[in-house]
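Here is a quick tour of how this chain packs together, with the cut-offs spelled out as they come up. Have the viewer open alongside.

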Amino acid sequence: MTPDLASHPGPPTSAEQPLIQLAAVEKVYRMGKVDYRALRGVDLAVEAGELVALVGPSGSGKSTILNMITGIDRPTAGAVAFDSQPLEEMSEEELAVWRGANVGIIFQFFQLLPTLSALENAALPLDFLRRGSKRERFERARHNLDLVGLGDKLHHSPAELSGGEQQRVAIARSLASDPRLIVGDEPTGNLDTATAAEMFELLVRLNQEGKTVLFVTHDRELAERAQRVVEIRDGLVVEG
């Protein structure tokens, strides 16, 4: 049984509104004297409980869309909302608190701290949020590592784990605050085909348990196994 840590998920999702809504979102990056338009007016809605794959060529804007949805970056124009709450109205501090409570992020290159054990890495988000006692944080992290099949490697360092095992720790870490949304930026891109398939099955299982899952991938075969595929090209949604 996991500890009953305090959480701040916000109000339940409205039946009429999608969980995630991007409306006419543009993003322009200033590169020296040149403006680069990464997004050119993206409209995208993701319903609560969906499993969505974002696909498209390199530089098409997939990762930028993830950055908009997670509040890591802000749009130049347009609006981004999570459960009808406009992200652009939040301060950086408010966004950090909101992200910690609602979003779990899985990166391609794991981004585990090498000096910490698997258990300590999986507990990190709760440490940053100062949520629960140390014992409760480790209980939650232990539960999540059990969930991803690493209950026997709690005290291994990242260097003692395979690539697939490190990504499992990263997934366990993304679950620390029991987020409503899990996003992955090429979460299987640094894994071999068999291990990537295992990671995808884990994401499917989390989705079946009620998590909304949105991930970027170059693997079309993997993407086609999602409930919905959204194709991005030249900063626009062209399909899905």
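## The main core

The largest nonpolar core has 35 residues, and the ones with the most contacts inside it are Leu-51, Leu-145, Val-148, Val-169, Ile-171 and Phe-215. A nonpolar core here is a set of buried Ala, Val, Leu, Ile, Met, Phe, Trp, Tyr and Cys residues joined through side-chain atoms within 4.5 Å. Buried stands for under 20% relative accessible area, exposed for over 50%, and partly exposed for anything in between (1.4 Å probe, protein chains only). At least two residues of this core come from each of β3 (51-55), α3 (118-129), α4 (134-147), α5 (163-174), α6, β8 and α7 (220-223). The largest share, seven residues, is supplied by α6. The element names are DSSP runs numbered from the N terminus: helices are H or I with at least four residues, strands are E with at least two.

A word on the model: it is predicted, local features need pLDDT of at least 70, side-chain atom pairs count only at pLDDT 80 or more, and totals for chains, interfaces and linings use all residues. Numbering starts from 1 along each chain as its sequence is written, and side-chain values use heavy atoms, with hydrogens and water left out.

What does Val-169 touch, not counting residues up to four places away in sequence? The list is Leu-112, Ala-118, Asn-121, Leu-145, Leu-150 and Leu-161, with contact meaning heavy atoms within 4.5 Å. There is also a second, separate core of 28 residues, which includes Val-52, Leu-66, Val-103 and Val-230.

## Helix α5

Eleven of the twelve residues of α5 are buried, so the rest of the structure largely encloses this helix.

Strands count as paired if DSSP finds at least two bridges between them. Val-52 has bridge partners in both: Leu-214 in β8 and Arg-228 in β9.

Ile-232 is found in β9 (residues 228-233). Is Ile-232 buried or exposed? It is buried, with a relative accessible area of 0%. Leaving aside neighbours within four places in sequence, Ile-232 is in contact with residues including Leu-54, Val-55, Gly-56, Pro-57 and Val-237.

## The four-stranded sheet

An open sheet of four strands has the order β2-β1-β4-β5, with antiparallel pairing. Its edge strands are β2 (34-46) and β5 (85-86), each pairing on one side only. β4 and β5 share two bridges, and Phe-82 has Gln-85 of β5 as its bridge partner.

Helix α1 (residues 62-69) lies across β1 (20-31), β2 and β4, at about 115 degrees to β1. Axes are lines fitted to C-alpha atoms (for helices, over the stretch in contact), and angles run from 0 to 180 degrees between N-to-C directions.

## Aromatic pairs

How many aromatic pairs does a search of the whole structure find? The search finds two. Phe-82 and Trp-98 make an edge-to-face pair, 5.2 Å centre to centre with 75 degrees between the planes. Phe-82 lies in β4 (residues 77-82) and Trp-98 in α2 (residues 92-102), so the pair ties together parts 16 residues apart in sequence. Phe-82 is buried at 3% relative accessible area, and Trp-98 is buried at 7%.

The rings of Phe-200 and Phe-215 have centres 5.8 Å apart and planes at 65 degrees, so this pair is edge-to-face. It links Phe-200 in α6 (residues 193-208) with Phe-215 in β8 (residues 212-216), 15 residues apart. Both are buried. For reference, rings of Phe, Tyr and Trp (its six-membered ring) pair if their centres lie within 6.5 Å; planes under 30 degrees apart count as stacked, over 60 as edge-to-face and the rest as tilted.
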